[in-house]
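Welcome! Please have a look at the structure below and keep it open while you read.

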Amino acid sequence: MSMNVPPPDASGAAAVVEVEAAGAAGGDVIGEAGPGTLVPLDMRAERRQAARERRRLLLRRPGFIVGVIILAFWIVCAVAGDRITPYDPLTPVDTSSLRPSSDHLMGTDQIGYDVLSRVMAGARDVLVVAPIAATLSIALGALLGLVMGYLRGWVDEILSRLVEVLLSIPVVLMALLITATLGSSRIVLIGTVAVLFTPIVTRTVRAAVLSEAQLDYVTSARLRGENGLFVMTREILPNIRPTILVEFTVRLGYAVFTVATLSFLGSGIQPPSPDWGLAVSDTYFLIPAGQWWPTLFPALAIASVVVATNLVADSIEAVLAA
Amino acid sequence: MNERSMSVAEAPRTATGTDHALAVEDLDLAYNVRGIPREVLRGVTFHVRPGEAYGLVGESGCGKSTTAYAALRYLPSNAVITGGRILVGGNDVTKMSSKQLRRFRSREASMVYQDPGSALNPTVKIGRQVSEAFSILGVGGKEATERARSALQRVRIADPDRVMQRYPHQLSGGMQQRVVIAMALACDPQLLVLDEPTTGLDATVEAEVLDLVRMLLQDTSAAILLIAHNLGVIRSMCDRVGVMYAGKIVEEGDAVEVFEAPKHPYTLGLLQCLPRHGVRKSERALFTIPGTLPQIGTKLPTCVYVDRCALADDLCRTEVPPVVHVDVGHTEARSEAAHFSRCHHIDRLSQMPEPASDDNDNVLGGKVVIKMQDVSKTFHQRGHDVPALVGIQLDLGGGETLGLVGESGSGKSTLAKAMLGIHEPDAGSEIELDGHLLEGKSSNRPTEDMRAMQMVFQNPDSALNRTWTVRRILKRTINKLTGVKGDEADTRIEKLAEALRLTPRHLDMRPRQLSGGLKQRVAIARAFAGDPRIVICDEPTSALDVSVQAAILNLLSDLQAKESTSYLFISHDLGVVRYLADRIVVMYLGRLQEEGTTDQIFDGPHHPYTEALLSAVPSVDGEPSRRIRLSGEIPSPANPPSGCVFHTRCHRFMEGTCDVIEPPVVEIEPGHRIRCHLPVEELGRTQVAAG
């Protein structure tokens, strides 16, 4: 019976869903509900059903498909690295500065590296650094946001001011400062991006927690004597998971962008990595000389990852919000 | 254009049968859900003449709002009109181009929504918003402002210039709704659709808004289509009414006739669900309508109501019911005010089963469970002290239901929350449970004390964690409050579910898979999980349909009889309070104004405030004989009036006394206390209809 219930995200018309849910839910009948006539249903099956429905809705969105295909391509490149590149990305193979041709689809750069091989292998560093940084910032931001939004009061006041201070400093400036002080190892890079994004995540999560904490189920939890930690992690957190998921995908896109920017400025991933930002910074001075290909293709790679993550983020948000 | 609509407005209201302002004919409408069209409206037909008010009633999900929105062709993108037509002033709305439609909506039809707060733009001053409604009609800037001013005057806003300078959030709900109505009337529409226009408002404000609409009806030629779930509102406003079920109008006729002498089992069922004629829980259970509305898209080849009808027989299952005209004498007559019912068995309506009489004789032991003494609560806002509760004295006996009534802002919820320890009362306040003093904050109370007091909230959507299953919600509550774990807890959950008429299947569902009534049952189950002494119910049925409300009220009354739990029952619906409560307290501005048994409160003598509350309620049984209108708005608790706090709005105000001296609490008969200067013999004694 309840198999007929579409999840609330199934259609644009809220009214439709309400009717169906009411209809399917059994009976508001005193002494009339017939338990015997109802098929008992496994609760895991229901959850699987809901998850399947969400997947189906996601797969119907072209933006999501395109985004996932692009990301999957780069992940394959990052994992397989020089095993699938046409040439060795770290050894100059040929004459330098060749225009794109059938031998070198994206040409070669001024040192003689095959640009296509470099672009493919260049996915690795950024795809390690950006997701870890994004994950860390989400974890930290969610924690702070939960604490601030739930406890409020002076804790919130102090942390809010701190967040505002951090937000007022330009991201790149701050990153340059940190890497200049601590050096630019991969760990520092991850830490830097994570710290820079945390305040933004904190603010988003805090807002979600504030509205959630006003709901009566939180009051009800307090009336049975739950402590703050339980209310935050078990009651509120599951309900703001969609917000956090969307925030993660958005941050991921920005993290890719930020890492590329830092690499371009020389404070990010270091040579001899075939990293995209690095490649752009190493070759852009050749554009006036007519050599656009060593710059354009890594730049497009950066753009494609950022656009793809945003496509995925938008789709997830739309499906969860519907 | 304006000229034209003006002249329409002045046309005499003697429209003949043919020229309807709104004619909905054989309207079929479906929502496409995943590519499959699902039928929502099944041949809806009705006509509204100019100047006539037509009401649509039915449970939520019956298609009444869809019908109303269809009249303006304001439908979600997956809605498809599959048949029939909608004529407004002779033009078919279903065939309009988007340009015609825009013109139609701006000049010929208007809508008033349920929530005036969200219908107004919060960043634009009232003056500009209202004059915009005129600029759209091509009225120039200065004149538009002028017209806006008179439009506000028309909806009886006393000081339009001041109101025009304000933002929506600076106005009360009733005031906002007036502004929305003023804007809706700007184009002198031929059709005015009101969708639950007073649902979010207090009874006293509702009465004011309804008065206003009724007055405007006198001098407009617009056809009014009113959607409301409150049958009393429909009765007091509408000339004719259509009762909808599963996308079909099952009964239609003169409003008074339909409510006095319903001719369809569904209409009769809806009316019987209401606690009326002063019926009390000790006398009988409320009637409920078994089952729920069919899902949209369900094939209903014969009678749409057959699955829930107590009179249904083979004939109902095999043949489409005839349209039976019940006009006395001439059954064939097809006059405009025809009262008809789609039922095979209107002659058997008297055989509808009566609800069983209940012997839930409350044993009011008289032993006081909770005692509030001098309880005050002051909030501190931006350096100001806002006293929300002032010197509350209250007793609640074992197994007793205490009704708590008053307008919003009177402190009802604050009182409940102070009792529960969600708001810590001011120093000096004393709350005793079974003779021992309670800690002010719930977090400082021992588990035993928390277990003794639980709450059922108004909105079950907000009260249940959407990511938890029903089983987890109940299990956790049992664990925390009683310490019972594992299998023993599971046994308790099953018992609890059975008592609440939840099936085992419901236990593994999440709230969003449940209907509103079932959700509220889960919330009640949670409140009862730790065998509480007192359950605080904060408007537990105000978000529910009448049929569901009746089931919930029956359930609460059964549970009380079994467990001898005490209830503190907050509600603005006096009919409901009268049914359930043994005693009632009336609050105004954080102070108790009157306290007494239910009979004492309803029979009088009344406190003037109670008198006004009682007379404000629109009833399905007709208007109370005398209406007392509360003027003005509830004052700010931060700055309460001197003397008697109610004197600014009181119809019995005595200058020199009420505004100077705080009135004493007088016990006019045993247990009946009133805070008023008037001598007992001068207090009002309104004979109220059932409420």
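We begin with confidence, then visit a sheet and a few individual residues.

**How confident is the prediction?**
- Chain B has a mean pLDDT of 85, and 92% of its residues reach 70 or more.
- Residues 1–17 of chain B stay under 50 in pLDDT, and the model has 17 contacts beyond four places in sequence for them.
- Residues 329–333 of chain B also stay under 50; for this stretch the model has 4 contacts beyond four places in sequence.
- Where pLDDT is low, the predicted coordinates should not be read in detail.

**Domains of chain B**
- Chain B is divided into domain 1, covering 117–186, and domain 2, made of 360–464 and 517–691.
- Between the C-alpha centres of domain 1 and domain 2 of chain B there are 36 Å.

**A sheet in chain B**
- Four strands of chain B make an open, antiparallel sheet, in the order β2-β1-β4-β5.
- At the edges sit β2 (36–48) and β5 (91–92) of chain B, each of which pairs on one side only.
- Helix α2 (residues 64–71) of chain B packs on this sheet and touches β1, β2 and β4 of chain B; the direction of the helix makes about 115° with that of β1(B).
- Strand β1 (residues 22–33) of chain B is paired with β2(B) over 10 bridges in the antiparallel sense.
- To see one pairing up close, find V24(B), whose bridge partner in β2(B) is F46(B).

**P262(B), a buried loop residue**
- P262(B) is found in the loop between α11 (255–260) and α12 (265–273) of chain B.
- P262(B) counts as buried because it has 23 C-beta neighbours inside 10 Å, and the cut-off is 20 or more.
- Beyond its neighbours within four places in sequence, P262(B) is in contact with E251(B), T267(B), L268(B) and L271(B).

**Backbone details to look for**
- R152(A) is not a glycine, yet its phi is positive, near 50°. R152(A) lies in the loop between α5 (123–151) and α6 (153–168) of chain A.
- Is R152(A) buried or partly exposed? With 15 other C-beta atoms within 10 Å, R152(A) is partly exposed.
- R501(B) is not a glycine either, and has a positive phi of about 55°. The loop between α18 (486–499) and α19 (504–507) of chain B holds R501(B), which counts as buried with 22 C-beta neighbours inside 10 Å.
- The peptide bond from P271(A) to P272(A) is cis, with omega near 10°. P272(A) lies in the loop between α10 (228–264) and α11 (276–283) of chain A.

Definitions and conventions:
Residues numbered from 1 in each chain as written. Chains lettered and ligands numbered in written order. Predicted model: local features only at pLDDT ≥ 70, side-chain atom pairs only at ≥ 80, totals over all residues. Helix = DSSP H or I, 4+ residues; strand = E, 2+ residues; numbered from the N terminus. Buried ≥ 20, exposed ≤ 12 C-beta atoms within 10 Å, placed from the backbone. Contact = placed C-beta atoms within 7 Å. Pairing = 2+ DSSP bridges. Axes fitted to C-alpha atoms, helices over the stretch in contact; angles between N-to-C directions. pLDDT = per-residue confidence, 0-100. Domains from an automatic or database assignment.
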